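My entries follow in the order in which I made them.

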Amino acid sequence: MEQQRLYISYTCPYAQRVWITRNCKGLQDKIKLVPIDLQDRPAWYKEKVYPPNKVPSLEHNNEVKGESLDLIKYIDSHFDGPSLFPDDPAKKEFAEDLFSYTGSFSKANNSTFKGEADEAGAAFDYIETALSKFDDGPFFLGQFSLVDIAYAPFIERFQPALLEFKKYDITAGRPKLAAWIEEMNKIEAYNQTRREPKQHVGTYKKRFEAHL
């Protein structure tokens with residue numbers, strides 16, 4: 001059996017998306033994790049594996065692919081294990097809207113940490129509204145899917161950091177979001193990838209030191 005490799009950093013939210021997907025599909029034995037130290041990237045990674053020199057990347061069938069949102073879809077459709085994407089066309093369409101919003105979501109939160117604009121509230125209101133669209137379960141598409149995996153690493157970081165530095169509780173007045181976080185935290189495949197809130201707070205302190 002050919003060994004597939006997933007290159008990640010344990011601290012990177014983009015890599016965490018793909019790591020969660022691998023675990024949810026039960027591919028721990030099929031896809032080997034190869035941690036890369038982003039502070040001290042090995043020369044071989046850029047030269048021999050992935051010239052953009054970023055994580056995550058996946059080596060599969062002697063090809064290396066990158067970009068976390070592409071990779072979670074690729075792993076879901078090219079490997080065995082439970083499907084993480086619905087067949088329902090309305091859900092598929094909404095999923096694409098939510099994948100498209102992930103960049104704006106991160107940007108809004110980061111600009112809040114930088115003190116440029118207080119956009120985190122509006123970003124989390126968008127999430128609360130999105131979580132209200134389908135009522136056949138507590139997740140974005142009702143049932144657990146790649147969309148939850150796309151957002152989880154970022155919400156996992158923003159929640160403790162906003163509380164610590166902005167005294168802002170993202171779940172206040174957002175019952176759907178509070179329920180979503182509670183449900184996500186019951187998923188073992190996700191828990192295996194989670195870091196302690198205080199570790200995230202430390203990372204954000206370093207990253208936005210000048211602004212906090």
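I began with A172, which counts as partly exposed because its relative accessibility is 49%; buried means under 20% relative accessible area, exposed over 50% and partly exposed in between, with a 1.4 Å probe and protein chains only. I noted that the model is a predicted one, in which local features need pLDDT of at least 70 and side-chain atom pairs count only at pLDDT 80 or more, while totals for chains, interfaces and linings use all residues. Residues are numbered from 1 along each chain as its sequence is written, and side-chain values use heavy atoms, with hydrogens and water left out.

I placed A172 in the loop between α6 (146-166) and α7 (175-184), where helices are DSSP runs of H or I with at least four residues, numbered from the N terminus. I also looked up E128, 44 residues from A172 along the chain, and found 11 Å between the two C-alpha atoms.

Next I turned to S111 in helix α4 (residues 89-113), which counts as buried because its relative accessibility is 8%. I found that the side chain of S111 reaches the backbone oxygen of A108 at 3.0 Å. Leaving aside neighbours within four places in sequence, S111 is in contact (heavy atoms within 4.5 Å) with E116, A117 and E119.

I then went to the domains, whose bounds come from an automatic or database domain assignment: domain 1 is 4-78 and domain 2 is 89-208. Their centres, taken over C-alpha atoms, are separated by 22 Å, and the contact takes 17 residues from domain 1 and 17 residues from domain 2.

How much area do domain 1 and domain 2 bury between them? I read about 1,600 Å², 66% of it on carbon and sulfur atoms, buried area being the accessible area (1.4 Å probe) that two parts lose on being put together, summed over both. In domain 1, the residues that lose the most area to domain 2 are Q16, R17 and I20, together 32% of what that side buries.

Last, I checked for salt bridges (a side-chain nitrogen of Lys or Arg within 4 Å of a carboxyl oxygen of Asp or Glu) and recorded a count of 1 between domain 1 and domain 2. I also recorded that E96 forms a salt bridge with K73, with the closest N and O atoms 3.4 Å apart.

Note on methods
Helix = DSSP H or I, 4+ residues; strand = E, 2+ residues; numbered from the N terminus. Polar contact = N/O pair within 3.5 Å; in protein donor to acceptor, adjacent residues only side chain to side chain.
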